[in-house]
Amino acid sequence: MKAYIVEKIEDKKFESGLKDIEVPEISENEVLIKATYSSLNYKDALSSVGNPGVTRNFPHVTGIDVAGVIEKSNSQKFSVGEKVLVTGYDMGMNTDGGHQEFVKVPDSWVVKIPKTISDREIMIYGTAGLTAALSVNELLNNGITKGNILVTGATGGVGSIAISILHKLGFNTTAISGKEDKIPFLKELGASEVILRNEFDVENKRPMGSEKFDGVIDTVGGNILAEALKVVKYDGVVTCCGLTSSFELNTNVFPFILRGVRLIGIDSVECKIEKKIAAWEKIAGDFKIDTLEKLTNEITLDEIKVAYESLIAGKASGRYLVKI
């Protein structure tokens with residue numbers, strides 16, 4: 001079968017590309033998925049260049065997402081022919097991932113695809129869509145049901161899907177992006193306003209600013225998150241899921257103790273399978289958006305390498321869908 005393989009040539013030197021490998025054999029409580037679609041995420045791009053924070057085992061197949069049909073099953077939970085998906089856990093990190101024709105995984109990682117959504121659609125969402133849905137859920141579950149939401153890293157996978165979901169639910173959204181040429185794209189997804197990153201990412205020594213946003217979905221961390229916390233309204237909610245700006249957060253306690261602001265971390269990798277299933281049901285239902293094709297770049301396995309270069313260079317927008 002064909003697979004996108006990353007190989008370690010020597011210390012700190014890696015090569016990647018499409019190769020032929022053997023179809024894996026499954027053991028007890030495992031399934032073999034015939035892949036139909038996968039996607040690309042920033043974590044996949046880091047794995048492709050041997051980032052040790054993502055992948056340490058080589059040769060390695062990238063792809064933290066996959067959707068397809070059960071080809072073989074040694075599981076009590078799943079039968080041959082069922083349509084399923086897998087996101088997160090160790091898949092695509094140190095366990096071979098979704099960028100291959102057949103994928104072997106433990107049955108505890110697998111979710112049945114809801115009947116109201118196709119395998120293609122659900123992989124456009126992928127890990128990014130799951131993360132966006134978990135973030136929006138936290139706003140709703142903590143009483144933020146209307147108002148203006150700030151979305152950072154807005155042209156990325158999580159940001160672009162979050163804007164689309166929030167727009168569908170009736171929120172006003174303000175997007176932050178470093179890509180001025182993507183302002184029309186963001187407004188097409190539903191952003192009411194776009195702030196350029198260099199206008200917002202400015203170190204401000206004031207401990208608080210004026211109240212502007214009912215909530216924030218942050219995907220970048222660092223100073224952007226620190227400044228966003230200062231302008232959240234009383235009882236506002238901020239979710240945090242990424243660190244493309246920085247993993248550090250230099251802030252103060254005033255937003256939390258004077259305005260009751262809540263900062264909630266979002267993890268879509270190791271969260272309980274029940275939480276994932278509930279989020280996918282939302283994506284296939286109330287959160288299902290009509291802007292999927294506007295944010296989709298569809299590619300094949302042999303086009304992954306070029307797409308990784310765009311992701312690492314920060315030039316990508318929307319979602320990369322990989323047709324297997």
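Asp-235 comes out as partly exposed, at 40% relative accessibility (buried is under 20% relative accessible area, exposed over 50%, and partly exposed in between, with a 1.4 Å probe and protein chains only). Asp-235 sits in strand E13, residues 232-240, and has a positive phi near 65° despite being a residue other than glycine. Strands (E, at least two residues) and helices (H or I, at least four) are DSSP runs numbered from the N terminus.

A word on the model: it is predicted, with local features needing pLDDT of at least 70 and side-chain atom pairs counting only at pLDDT 80 or more, while totals for chains, interfaces and linings use all residues. Residues are numbered from 1 along each chain as its sequence is written, and side-chain values use heavy atoms, leaving out hydrogens and water.

Lys-12 is another non-glycine residue with a positive phi, about 65°. Lys-12 lies in the loop between strands E1 (2-10) and E2 (13-20) and is exposed, with a relative accessible area of 75%. In the loop between helix H1 (42-48) and strand E4 (60-61) sits Pro-59, joined to Phe-58 by a cis peptide bond with omega about 0°.

Then there is the packing of helix H2 (119-141) on helix H3 (157-168), at an angle of about 55° with axes 8 Å apart; axes are lines fitted to C-alpha atoms, for helices over the stretch in contact, and angles run from 0 to 180 degrees between N-to-C directions. Contacts (heavy atoms within 4.5 Å) involve, among others, Ile-124, Tyr-125 and Val-136 of H2 and Val-158, Ile-161 and Leu-166 of H3.
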